[in-house]
Amino acid sequence: MSPPAQQEDVYQTVNPTTAEIQKSFPYTSDSEVSNAIETAQKCYDNTWRQSSIADRAKVVSRAAALLKENLEMHAQFITLEMGKHIDQARWEVSVSSDILQYYAENAESFLKPYTIPKEKATVYSEPVGVILAIEPWNYPYYQLARVAGPQLMAGNVLLLKPAPSTPQCALAFAKAFEDAGAPKGAYTNIFSTIAQVNTLIDDFRVRGVCLTGSERAGASVAERAGRNLKKVVLELGGSDPVLVLEDADLEGSLSPCIMGRLLGMGQSCAASKRFIIVGQERGDAFVKGLTAGLAGLQPGEPTESSTTIGPLASQRGLDLLLDQISKAVEHGAKVVAGGKRIARPGFYVEPTIITNITPENPLFQQETFGPVFSVYTVASEAEAITLANATKFGLGASVYSADEERALRVSKLLDCGMVFINAPAWTSPEMPWGGVKNSGFGRELGGELGIAEFINKKLVRTP
């Protein structure tokens, strides 16, 4: 996911519905960071890597159970700190628990050695050591679980740097592992500065780095890790296209398209973002239906299930989105609906439909992190595919068609890591998550794929 950066000068909870600061937290000091890496390395050497998969599973499984046992508390933290609708926050906690439980139950099969009989050799899956994870604010539990589930079960230990705007989520997630009996150093939350992160990447004891965030952050981390000969896994956002082919049920596609864009108020890397409709008349009908579908939405408190428009997570994110809309219009785009800040406290913005976006328009290549529907009309399937691929991003895509075989054929021509047919993006522990091009590289989740990113496949051959 590629959310706009939050303030790096303080770790604090700012309520997005009121813009009021709720709670602030001090940085982890340099000495505390030094102690954290030392404790993590000792835990890895002397305890965690030596433990059986079954013993690791007891801890990870118990942490999963604690998340669900205290689901409402955790969901309230998400809604408080980044404004996510409470029902979506509950889902996030639930799926995070499911990820931990999935790897607790299946890691043994993923890590099972295999033999090469002809060579009298065996390949073993072994951990590599301390992993540094740098995670964003928009999915403050799910992002942590995507790393913690597979990598703790692999026998690695984790240093987790959360986003400065979701500190209470990070602390609560870490507390679940502490209460589950994780030894000190297995999972360590650090409220670090960027300078401290750089120091950790330079430290030989950190053997791998994973980051979900902006292209700029990913490039910086990858460059530094590369100089230190360390593997990285990066997920850097997307501008996911939605292809509505001429045989698709146009009316039936509207609801999932709206849902796919407004999940997390559009603050998701794999949210539906660019809507490419085949046929001018159908394009006009899609915009008309989209306008009608958004007209009935009302802003409200994200803690209430009846709310249909929640806030964005921050003032910075709101300002960036409004600036993108303004510049798009300056370059000839047309705002069909919305486009303005909602007149109420907090960081609310109207769901916005934009058309007439040319390749010269800056919006053509930008990722919008909020409820902006960029709508394009093309004359053919071939044009739709070309437009879908005309971006530096390559995370996910959706294809809507009445012919599943046709949709499958089109999906193979899209430059991305994930395609969803007749549906918006979805996630589960079993499905790999990641992209190509500037959306990053490597995979999380997906069973063995995610757990293998930071594994040493050790060959042992006998005479």
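1. In this structure, 26 residues of domain 1 are in contact with 28 residues of domain 2, where contact means heavy atoms within 4.5 Å. The model is a predicted one, in which local features need pLDDT of at least 70, side-chain atom pairs count only at pLDDT 80 or more, and totals for chains, interfaces and linings use all residues. Residues are numbered from 1 along each chain as its sequence is written, and side-chain values use heavy atoms, with hydrogens and water left out.

2. The protein chain is divided into domain 1 (12-236 + 437-461) and domain 2 (240-421), with bounds that come from an automatic or database domain assignment. The C-alpha centres of domain 1 and domain 2 lie 31 Å apart, and the two domains bury about 2100 Å² between them, 54% of it on carbon and sulfur atoms.

3. Across the interface of domain 1 and domain 2 one salt bridge is found, a salt bridge being a side-chain nitrogen of Lys or Arg within 4 Å of a carboxyl oxygen of Asp or Glu. Glu215 forms a salt bridge with Lys392, with the closest N and O atoms 3.3 Å apart.

4. The structure holds 24 salt bridges, and one of them joins the side chains of Glu235 and Arg146 at 3.5 Å, N to O. Because Glu235 lies in strand S9 (residues 231-235) and Arg146 in helix H5 (residues 142-154), this pair ties together parts that are 89 residues apart in sequence.

5. Domain 1 and domain 2 both give residues to the lining of the second largest pocket, so this pocket lies between them. Its volume is about 690 Å³, and of the 31 residues that line the pocket, Gln88, Met259, Leu262, Leu263 and Gly264 lie nearest its centre.

6. Helix H4 (86-110) and helix H9 (250-262) each supply at least two residues of the lining of the second largest pocket, and the largest share, five residues, comes from H9. By residue type, the lining of this pocket divides into 17 nonpolar, 13 polar and one charged, with Gly counted among the polar residues.

Conventions:
On a 1 Å grid over the protein atoms alone, a cavity is a set of points where a 1.4 Å probe fits but cannot get out, and a pocket is an open set with protein on both sides within 12 Å along at least five of seven lines; lining residues have an atom within 4 Å of a point. Grid points are joined across faces, edges and corners, and a volume is the space filled by probe spheres set on the points. Helices (H or I, at least four residues) and strands (E, at least two) are DSSP runs, numbered from the N terminus. Buried area is the accessible area (1.4 Å probe) that two parts lose on being put together, summed over both.
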